[in-house]
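This briefing covers the ligand site, the surface and the charged pairs of one protein model. Please examine the sequence and the structure before reading the points below.

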Amino acid sequence: MDHPHNPKPMRLSRIQLAQMMQPEHANSQGNVHGGWIMKLVDEAGALASTRHAAHRTVTVAMDQMVFHQPIHIGDMIILNAEVTYAGHTSMEVEVDVMAENPITGQQTHTNAAYIVYVAIDDNERPTAIPPLMAETPEEQARMDAAKLRQQRRLAQKAGH
Ligand SMILES: CC(C)(COP(=O)(O)OP(=O)(O)OC[C@H]1O[C@@H](n2cnc3c(N)ncnc32)[C@H](O)[C@@H]1OP(=O)(O)O)[C@@H](O)C(=O)NCCC(=O)NCCS
């Protein structure tokens, strides 16, 4: 079992989810509902955060989500999720969403999302998680940006 004080590399939290978009996921024009995409984003984020924390996690906050491109019935939706910030009990996960045409292989990046999860113990109270470790300058830059986002969320929560 992971010890909560031992840093864990960011890459160990990385997960990928893929799903084919069916008529029940879309409106009458064939566009996939934003709410369905948000559900998959939360699922992917929960898996990445659970991997890092080695505990159950709950969603505590989700940043604004903007959909830049439509996803259609018959597209494959691919979600890449990774922990980008770890506090004492909370984590930010970045989820990148791609739509792929399974016939042509063409991929479109439709949106990114940032979600904060909290690791919980058997009494559903926040519990300590391992620190996050960057292994490349690119990962360190992503961690620095994530820390700023978390500071902004907490300032907003405090009413500043
Ligand atoms: C998540 C929960 C256990 C936190 O309990 P709490 O008493 O508010 O705990 P704390 O105030 O100690 O906050 C825990 C961590 O979350 C962070 N946090 C709390 N609110 C936050 C917010 N709005 N944005 C970002 N981070 C937040 C805190 O900074 C703290 O992080 P740290 O330990 O890394 O410093 C509780 O709010 C809860 O059960 N919420 C419902 C969760 C849920 O049902 N989600 C939907 C289904 S999964």
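Which side chain meets that of glutamate 82 in a salt bridge of 2.7 Å, N to O? It is the side chain of arginine 14. The model is a predicted one, and it holds ten salt bridges.

**Salt-bridge network**

- The salt bridge between glutamate 82 and arginine 14 has an N to O distance of 2.7 Å. This pair links distant parts of the chain, 68 residues apart: glutamate 82 belongs to strand β4 (residues 76–86), and arginine 14 to the loop between β1 and β2 (15–20).
- Glutamate 139 is buried, its relative accessible area being 4%.
- A salt bridge joins glutamate 82 to arginine 142 as well, with 2.9 Å between the closest N and O atoms. Because glutamate 82 lies in strand β4 and arginine 142 in helix α2, this pair ties together parts that are 60 residues apart in sequence.
- Both glutamate 82 and arginine 142 are buried. Through shared partners, salt bridges join Arg14, Glu82, Glu94, Glu139 and Arg142 into one network.

**Ligand surroundings**

- There are 15 residues around the ligand, of which Thr59, His88, Thr89, Ser90 and Arg125 come nearest.
- The side chain of threonine 89 places an N or O atom 2.6 Å from an oxygen atom of the ligand.
- For serine 90, a polar side-chain atom lies 2.7 Å from a ligand oxygen atom.
- Lysine 157 has a polar side-chain atom at 3.1 Å from a nitrogen atom of the ligand.
- On its own the ligand has 980 Å² of accessible area, and the protein covers 58% of it.
- Three elements, β3 (56–62), β6 (107–120) and α2 (137–157), each give two or more residues to the shell around the ligand. Strand β3 gives the most, with four residues.
- By residue class, the shell consists of seven nonpolar, six polar and two charged residues.

**Lysine 8**

- Strand β1 (residues 8–9) contains lysine 8.
- Lysine 8 is classed as buried because its relative accessible area of 10% is under 20%.
- The side chain of lysine 8 reaches the backbone oxygen of arginine 51, at a distance of 2.8 Å.

**Nonpolar surface patch**

- Met38, Met62 and Phe67 make up a nonpolar patch on the surface, and together they have about 230 Å² of accessible area.
- Of these residues, methionine 38 is located in helix α1 (residues 34–53). Methionine 38 counts as partly exposed, with a relative accessibility of 34%.

Note on methods. Residues numbered from 1 in each chain as written. Predicted model: local features only at pLDDT ≥ 70, side-chain atom pairs only at ≥ 80, totals over all residues. Heavy atoms only, no water. Near = heavy atom within 4 Å. Polar contact = N/O pair within 3.5 Å; in protein donor to acceptor, adjacent residues only side chain to side chain. Areas by Shrake-Rupley, 256 points an atom, 1.4 Å probe, with all protein chains shown as cover. Nonpolar A, V, L, I, M, F, W, Y, C, P; charged D, E, K, R; others polar. Patch = residues over 30% accessible without salt bridge, like charges linked within 9 Å, V, L, I, M, F, W, Y side chains within 5 Å. Salt bridge = Lys/Arg side-chain N within 4 Å of Asp/Glu carboxyl O. Buried < 20%, exposed > 50% of the residue type's maximum accessible area, 1.4 Å probe, protein only.
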